Amino acid sequence: METKPLNRHDSMSNPLVRPANYQALNQPQSNTTGTSQMTHSSSSDDFMNSEANMDPNHQSSGSNGMDSEEQDFAGIGQYDDFHTIDWQRDIARDRMRHRHIIKKKKNSILDWIISGHDAWSGWLCVFLVGLIAGVVAGTIDIGASWMSDLRFGICPEAFWFNKEQCCWSSNETYYDGDNCSNWSTWPKVFINTNVGVGAYIISYILYVMWSLLFASLAASLVMMFAPYACGSGIPEIKTILSGFIIRGYLGKWTLLIKSLGMVLAVSAGLSLGKEGPLVHVSCCIGNILSYLFPKYGKNEAKKREILSAAAAVGVSVAFGAPIGGVLFSLEEASYYFPLKTLWRSFFAALVAAFVLRSINPFGNEHSVLFYVEYNKPWIFIELIPFILLGVIGGIIGSLFIKFNIKWCRYRKTSMLGQYPRLEVLIVTLVTAFIAYPNPYTRLNTSNLIYLLFSQCGASNNDDLCDYQRNFTNVNTAIEIAAAGPGVLKAIWLLALALIFKCVVTVFTFGIKVPCGLFIPSLAIGSIIGRLVGIAMEQLAYNYPEWAVFAGECSTGENCITPGLYAMVGAAAVLGGVTRMTVSLVVIMFELTGGVRYIVPLMAAVMASKWIGDAFGREGIYDAHIILNGYPFLDSKEEFSHTTLAHDVMKPSKNEEFYVMTQDSMTLEDVEQLLRETDYNGFPVVVSKQSQYLVGYVTRRDLTIAICQAKKTTESIVADSVVLFTASVPSPWNGPPPLRLRKILDLAPITITDQTPMETVVDMFRKLGLRQTLVTHNGRLLGLITKKDVLRHIKQLESEDPESVLFN
């Protein structure tokens with residue numbers, strides 16, 4: 001296939017350059033070096049400049065004013081929406097900027113201050129992220145607590161108090177169960193009594209009405225002001241941290257509406273949590289603050305260092321778990337996590353945890369959400385039920401992912417997806433209507449988890465602690481005893497709550513309100529764990545002579561802690577849903593303060609991951625990334641196929657390859673090329689005789705440069721030649737050329753056509769490539785984009801390659 005680029009001497013030629021076909025390029029070339037190294041042919045008639053003249057500082061002389069340098073163009077190096085960033089180019093730009101600042105450091109005091117500010121700006125930025133995120137999270141926690149209690153009643157003396165604050169503001173030193181004189185339930189307000197059928201009906205109706213009001217407000221705010229504020233946000237955060245651009249996803253409106261919507265959605269009693277969305281909220285704060293520091297605001301690769309730290313802050317303020325937050329960002333969220341980012345993430349998470357502790361939204365002396373104190377160590381035989389809980393967690397997690405993805409896919413293609421507010425109202429109505437009769441589903445989900453984690457003692461009056469034992473002294477050791485009728489009743493109610501939570505969460509996760517999955521998963525797991533724990537406890541009570549129990553359970557003290565099983569079960573299900581491992585174990589022992597139970601947690605989480613991976617390797621967040629078609633190349637997956645680069649590169653056989661020449665295309669030719677194609681960039685080659693690579697130019701930079709040149713230079717006309725060379729040939733005939741060398745990437749990543757795809761995939765993962773150019777014997781042959789790699793992987797796995805929607 002003959003290549004026919006358009007040059008200034010042949011205005012009738014086609015401007016679309018086609019390389020010689022692949023078979024021809026495999027033949028020996030008389031004008032090549034015989035190696036895969038990129039070279040320029042010195043014998044080419046169109047290669048008018050020597051190596052010396054390629055110096056960017058070189059100026060050619062001429063009478064037409066062509067000795068001036070090419071102009072700078074504002075906005076170069078940025079990216080369009082739904083495109084992938086070029087990590088290598090952005091990091092190189094930052095290094096050049098840094099060298100420039102260091103070089104000027106000794107010139108003056110001002111330059112020295114600028115250098116110091118540049119060095120500390122990263123630490124200052126993550127400090128502000130941690131500070132503001134801690135305040136925002138504390139405010140959200142307090143607001144959600146107050147509005148959740150508003151479904152049940154009000155504090156007449158101070159309506160802004162939630163139930164706990166209202167009761168503690170009373171002069172009473174003790175109040176019976178859920179009742180205190182300061183707090184008025186809605187039946188008490190309307191009919192002045194809390195008992196009877198009428199009181200129950202009023203409570204039921206107002207519970208449902210408040211839930212519908214809060215949910216409709218949340219959905220309306222999201223739909224009207226910030227569509228990106230729905231969902232958990234973690235799949236998109238993972239994709240953004242991998243180098244994808246989603247304009248507005250981390251903006252100020254998303255931050256505001258996500259924060260308000262989170263409070264409303266949690267208060268509506270939906271089966272969701274606010275902990276996952278807090279990662280999105282923190283990343284919004286990080287994105288907004290990064291624009292105060294041009295080093296990060298104007299460089300997408302550097303900005304992702306701040307966003308990685310912000311993701312750690314999100315988990316830190318969600319659970320009061322700063323170390324777990326750092327590990328979550330490292331294991332689950334971040335794509336590029338150098339040691340410098342690790343230190344800054346740790347610092348930011350520390351600041352956020354300190355601020356949250358100062359606000360104390362949990363109302364206790366601990367900075368964690370579910371602090372527990374278990375007196376008894378676990379015994380060796382308990383590893384078996386702990387591992388069993390891990391197996392159950394892996395199965396439930398896999399089933400949840402499968403059914404939730406099926407429902408979300410159905411929602412996208414059905415009429416239901418066109419009426420998101422109606423769906424929210426239906427889900428809320430069903431949830432509230434079914435949840436109220438069961439006291440365990442009526443409870444706020446966080447309170448339910450805390451109840452299930454808790455150990456039975458003298459002060460506990462819940463049915464879960466209705467054992468046939470007598471407490472004569474608060475400090476007396478808890479004896480092992482038979483379960484009373486209250487425990488049996490609680491078991492049936494918890495079993496019904498488990499079925500309800502499993503089913504309703506499938507339909508809730510993905511609706512158009514801010515919704516997280518951490519708390520519902522923990523709730524499902526803690527119910528399973530508590531039930532298994534009660535079973536083990538009664539087994540030890542009824543058969544204390546068994547060898548496995550004889551050593552620990554023969555003293556009469558309770559040797560089994562059902563609350564510990566709830567904690568392990570919660571970790572198992574959350575691990576099965578998200579496939580987190582190390583970070584999850586650390587979050588759980590930070591969340592509960594149960595450091596001595598790391599081994600049971602590790603055993604359950606590892607078993608959960610193994611079982612979950614046996615049914616499907618994607619966690620819920622990866623599954624939603626695939627569902628949405630985001631170009632996410634998972635660094636944890638292995639590529640084991642034996643294909644080569646030429647099997648994947650574009651163009652394939654009988655396809656045109658659109659490239660540009662360095663000094664033979666007019667402005668009219670370039671604009672025609674931009675009109676007729678929608679590619680994100682174009683390789684630049686030497687000439688029509690030589691397919692040797694010069695560099696790569698992006699479509700956006702090219703468009704901006706042409707528009708600005710037309711506005712600022714009147715002498716630029718359609719016949720002006722577009723030059724990507726360092727200097728203008730002399731003598732020059734014709735209109736002044738448009739010099740665009742400054743927007744040309746002179747060091748694009750290149751590979752040969754025989755490079756194994758395993759190596760190519762590794763390069764895309766570890767270097768964060770946007771595209772790589774394919775050469776043969778130094779001559780340009782094609783290119784491979786990130787989207788091409790993703791499509792190729794899907795083809796090899798017998799999946800639909802067209803499911804990758806974005807570039």
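## Overall composition

Of the 807 residues in the protein chain, 55% count as buried. The model is predicted. Its secondary structure consists of 29 helices and 11 strands.

The accessible surface of the chain comes to about 35200 Å², and carbon and sulfur atoms account for 60% of that area. Among contacts between residues at least 6 apart in sequence, 73% join residues at least 24 apart.

## Helix pair α11 and α12

Two packed helices are described by the angle between their axes and the distance between the axes. For helix α11 (residues 300–319) and helix α12 (residues 322–333), the angle is about 130° and the axes are 7 Å apart. Angles over 145 degrees count as roughly antiparallel, 65 to 115 as roughly perpendicular, so α11 and α12 are oblique to each other. Their crossing is right-handed.

On the α11 side, the residues in contact are Ser-308, Ala-311, Ala-312, Val-315 and Ser-316. They meet Pro-322, Gly-324, Gly-325, Val-326, Phe-328, Ser-329 and Ala-333 in α12.

## Helix pair α18 and α19

Helix α18 (residues 485–508) and helix α19 (residues 518–542) cross at roughly 150°, and their axes come within 10 Å. The cut-off for roughly antiparallel is an angle over 145 degrees, and α18 and α19 are therefore roughly antiparallel to each other. The crossing of this pair is left-handed.

From α18, the contact is made by Val-487, Ile-491, Leu-494, Ala-497, Leu-498, Lys-501, Cys-502 and Thr-505. The partners from α19 are Pro-520, Ile-524, Ile-527, Ile-528, Leu-531 and Ile-534.

An open sheet of 3 strands has the order β4-β7-β8, with mixed pairing. Strands β4 (665–666) and β8 (738–739) are its edges, each pairing on one side only. Strand β4 runs antiparallel to strand β7 (residues 721–723), and 2 bridges join them.

In helix α26 (residues 667–676), the buried residues are Leu-667, Asp-669, Val-670, Glu-671, Leu-673 and Leu-674. The cover over these buried residues includes the sheet strands β4, β7 and β8. It also includes β3 (660–661), β5 (681–685) and helix α27 (699–712).

Strand β9 and strand β10 (residues 771–776) run parallel and are joined by 3 bridges. Within this pairing, Ile-751 has Val-774 in β10 as its bridge partner.

Technical notes:
Residues are numbered from 1 along each chain as its sequence is written. This is a predicted model: local features need pLDDT of at least 70, side-chain atom pairs count only at pLDDT 80 or more; totals for chains, interfaces and linings use all residues. Side-chain values use heavy atoms; hydrogens and water are left out. Helices (H or I, at least four residues) and strands (E, at least two) are DSSP runs, numbered from the N terminus. Buried means under 20% relative accessible area, exposed over 50%, partly exposed in between (1.4 Å probe, protein chains only). Contact means heavy atoms within 4.5 Å. Accessible areas come from the Shrake-Rupley method with a 1.4 Å probe; for residues, only the protein chains shown count as cover. Two strands pair if DSSP finds at least two bridges between them. Axes are lines fitted to C-alpha atoms, for helices over the stretch in contact, and angles run from 0 to 180 degrees between N-to-C directions. Angles under 35 degrees count as roughly parallel, over 145 as roughly antiparallel, 65 to 115 as roughly perpendicular and the rest as oblique. A crossing is left-handed if the near helix is turned anticlockwise from the far one by less than a right angle, and right-handed if clockwise.
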